[in-house]
Amino acid sequence: MTRTITAQPLSAAAFAPFGEVLEVSGDPDKLINAGLCGRFHDRARLDFAQGRAGISIFDATPRSLPHRLDLLERHPDGSQAFLPMHQNPWLVIVATDPDATPLAFLVAPGQGVNLHRGTWHGVLTPLHAPGLFAVIDRIGDGANLEERRIEPPWIVTEPT
């Protein structure tokens, strides 16, 4: 049995149940640096049970579409923000639970995401090299990762 989902462009409204879209949109909240820099203030809710926020650098192997989704994970003790260190599209996959039909989003250049604490999601999926991301998440003691294998897997396809 083949199960297929089609990736859709990332939008704040469609992604809202799972987290925030990090992007420049609308007017800046204020101008700083003698008016030469727009500050788009407080765009994500960082949420950690215990521990502290940390910034790590991830270097993920690029994948391609169609993409085989056979693993979901979540982080029950903290939110997780992904900020690409490149100007390439990438894929983010989310689900309400491992047995639900997932949603796949094509993330445009200049966009990042912050996943709410406990959100089921696919692994980091760049579509082009380099797969470099700054990731802001919980640093602390204890396991903060749950994984679930998906059988049969889902196939994520490009929009038509």
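## Leu 71 in strand β7

Leu 71 belongs to strand β7, which covers residues 67-74. In this predicted model, Leu 71 has a relative accessibility of 14% and counts as buried, because the cut-off for buried is under 20%.

For Val 123, which is 52 residues away along the chain, the C-alpha atom is separated from that of Leu 71 by 7.3 Å.

## Glu 146 in strand β15

Strand β15 spans residues 146-157 and includes Glu 146. The relative accessible area of Glu 146 is 31%, so this residue is classed as partly exposed; the class lies between the limits of 20% and 50%.

Beyond four places in sequence, Glu 146 touches Leu 72, Glu 73, Arg 74, Pro 76 and Trp 120. Leu 72 and Trp 154 are also among the members of a core of 14 residues, together with Leu 65 and Leu 69. Gln 50 is 96 residues from Glu 146 along the chain, and their C-alpha atoms are separated by 17 Å.

## The largest nonpolar core

The largest nonpolar core has 16 residues, and those touching the most other members are Leu 10, Phe 15, Phe 82, Trp 90, Val 92, Val 94 and Val 113. Four elements contribute two or more residues each: β9 (90-95), β10 (103-107), β11 (112-115) and β14 (132-139). Strand β9 provides the largest share, 3 residues.

What does Val 92 contact, apart from neighbours within four places in sequence? The partners of Val 92 are Phe 15, Leu 103, Ala 104, Phe 105, Val 107 and Val 113. Two of these partners, Phe 15 and Val 113, are also listed among the core residues that touch the most other members.

## Aromatic pairs

The whole structure contains 4 aromatic pairs. One of them joins Phe 15 and Phe 105 in an edge-to-face arrangement, with 5.6 Å centre to centre and 85 degrees between the planes. Phe 15 is in helix α1 (residues 12-15) and Phe 105 in strand β10, so this pair connects parts of the chain 90 residues apart. Both residues are buried. Ring pairs also bring in Phe 18, giving a cluster of Phe 15, Phe 18 and Phe 105.

Trp 90 and Phe 133 form another edge-to-face pair, with a centre-to-centre distance of 4.9 Å and an angle of 75 degrees between the planes. Because Trp 90 lies in strand β9 and Phe 133 in strand β14, the pair ties together parts that are 43 residues apart in sequence. Trp 90 and Phe 133 are each buried, and Trp 90 is one of the core residues that touch the most other members.

## A nonpolar surface patch

Ile 55, Ile 57 and Met 85 make a nonpolar surface patch of about 340 Å². Ile 55 is part of strand β6, which runs over residues 52-59. Is Ile 55 buried or exposed? With a relative accessibility of 66%, Ile 55 counts as exposed, because that class begins over 50%.

Terms used: Residues numbered from 1 in each chain as written. Predicted model: local features only at pLDDT ≥ 70, side-chain atom pairs only at ≥ 80, totals over all residues. Heavy atoms only, no water. Core = buried A, V, L, I, M, F, W, Y, C linked by side-chain atoms within 4.5 Å. Buried < 20%, exposed > 50% of the residue type's maximum accessible area, 1.4 Å probe, protein only. Contact = heavy atoms within 4.5 Å. Patch = residues over 30% accessible without salt bridge, like charges linked within 9 Å, V, L, I, M, F, W, Y side chains within 5 Å. Areas by Shrake-Rupley, 256 points an atom, 1.4 Å probe, with all protein chains shown as cover. Salt bridge = Lys/Arg side-chain N within 4 Å of Asp/Glu carboxyl O. Phe/Tyr/Trp six-rings, centres within 6.5 Å; stacked < 30°, edge-to-face > 60°.
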